[in-house]
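Welcome! Take a moment to turn the model around before reading on, and keep the sequence at hand.

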Amino acid sequence: MTDDHVTTHQAEDDARNERILIWLNGRLVPKAQATVSVYDSGFMLGDGVWEGIRLYNNRWTFLDEHIDRLFEAARAIDLDIGMDRAGVIQAVLDTQAANGMTTDAHARLMVTRGVKIRPFQHPSLSRSGPTMAIIMEHSRPKLPRPIRLATVPHIRGLPMSQDPKLNSHSKLNCILACIAAEKAGADEALMLDVHGFVNTTNACNFFIVKKGQVWTSTGDYCMNGITRQKVIDLCRANAIPVFERNFSLVDTYSADEAFLTGTFGAQTPVGMIDGRQIGTGQMGPMTERIRALYKALVGA
Ligand SMILES: Cc1ncc(COP(=O)(O)O)c(C=O)c1O
């Protein structure tokens, strides 16, 4: 990947990732054998839910919150994961042990409605139970420069369509947003809400810093990001004024700093939005401070 092609989920190359074992329906299998059926609901229709979690110093960060969100999402789509919380956590720990990982790992837990008997949409055609997989990789986030964003016409789903709080397998609207941003010469997309206020990016939550204050969207139209909430909590605990509020692109272009949050990259600096440099174009002091507070919180 060149400097011209940067993503928020970029990590150092790690040759060990070619030899990882994948947890697939209760078995640990080499990557090349970790395959699912073309009849799988996830492959065919994006019918499933997922979580991304990160390991710092032998601890899966905010694991309870991630497992809560996974079960909430499964319940929302009426999908029986087929195991309880303890079972899911054990599967994560087994995968970690099998791969000999102790820190700087990232796992994607995925559960789909499973294999269908016919290649059509109706959920009742998935009859043999869910498909669950855990991809766990060695992962140290590494960005060559701050991220560049471009605003796009796409919005995340509305609560009455594909709720933006669902970590659904199908990410097509976010992928379309990302493609549009790339075509506009940026790395990823800045998505507005249905009223035109600044909302989120296609893969992370979005914050700006203005005159010592930290602003993020109301939270009504974006993923209820766990990192987002931790950043808000850290600001409150450290007397940094933080606001969940509506704001527009006018407020955003003149921000002193902007950054993204997500489990993968923690806090990712934003250098440019729609061709306008944000602040100095480099990571600003508030972003640095919040990153340090977050690092201390997760024990990284
Ligand atoms: C669209 C979107 N926004 C934000 C996030 C970040 O959420 P979290 O901080 O819980 O990783 C994610 C990650 O799943 C996401 O898919």
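Helices (H or I, at least four residues) and strands (E, at least two) are DSSP runs, numbered from the N terminus. Residues are numbered from 1 along each chain as its sequence is written. The model is predicted, so local features need pLDDT of at least 70 and side-chain atom pairs count only at pLDDT 80 or more, while totals for chains, interfaces and linings use all residues.

Let us stay with Arg140 for a moment. Is Arg140 buried or exposed? A residue is called buried if 20 or more other C-beta atoms lie within 10 Å of its own, exposed if 12 or fewer, and partly exposed in between, with C-beta atoms placed from the backbone. Arg140 is exposed, because it has 12 other C-beta atoms within 10 Å. Two residues are in contact if their C-beta atoms, placed from the backbone, lie within 7 Å. Leaving aside neighbours within four places in sequence, Arg140 is in contact with Ala11, Glu12 and Asp104. From C-alpha to C-alpha, Arg140 and Thr103 are 9.3 Å apart in space, although 37 residues separate them in sequence.

Now for the sheet to which β6 belongs. Strands of a sheet pair through backbone hydrogen bonds, either parallel or antiparallel. Here two strands count as paired if DSSP finds at least two bridges between them. Six strands form an open sheet with antiparallel pairing, in the order β2-β1-β6-β5-β3-β4. β2 (27-30) and β4 (59-60) stand at the edges with a single partner strand each, so one side of each has no neighbour in the sheet. Further in, β5 (residues 105-112) and β6 run antiparallel and are joined by eight bridges. Follow Leu109 across to β6 and you will find its bridge partner, Ile134. Helix α2 (residues 63-76) lies across β3 (48-56), β4 and β5, running at about 175° to β3; axes are lines fitted to C-alpha atoms, for helices over the stretch in contact, and angles run from 0 to 180 degrees between N-to-C directions.

Asn25 sits in the loop between β1 (21-24) and β2. Its phi is near 50°, a positive value in a residue other than glycine. Asn25 is partly exposed, because 14 other C-beta atoms lie within 10 Å. Gly48, by contrast, is in strand β3, and is buried because 26 other C-beta atoms lie within 10 Å. Not counting residues up to four places away in sequence, Gly48 touches several residues, including Met110, Val111 and His169. The C-alpha atoms of Gly48 and His169 are separated by 5.1 Å, though the two residues are 121 residues apart along the chain.

Stepping back, what does the domain assignment of the protein chain give? It gives domain 1 (15-138) and domain 2 (147-298), with bounds that come from an automatic or database domain assignment. Their C-alpha centres lie 26 Å apart. Where the domains meet, 21 residues of domain 1 are in contact with nine residues of domain 2. On the domain 1 side, β3, α2 and β5 are the elements that give two or more residues, and β3 gives the most, with eight residues.

β8 (residues 188-192) and β9 (residues 198-201) pair in the antiparallel sense over three bridges. In β9, Thr200 is the bridge partner of Met191.

Our last stop is the ligand. A residue is near a molecule if its C-beta atom, placed from the backbone, lies within 6 Å of it. The ligand is surrounded by 15 residues, and the closest are Met223, Gly225, Ile226, Thr227 and Thr263. α5 (226-237) and β13 (257-262) each supply at least two residues of this shell, and the largest share, three residues, comes from α5.
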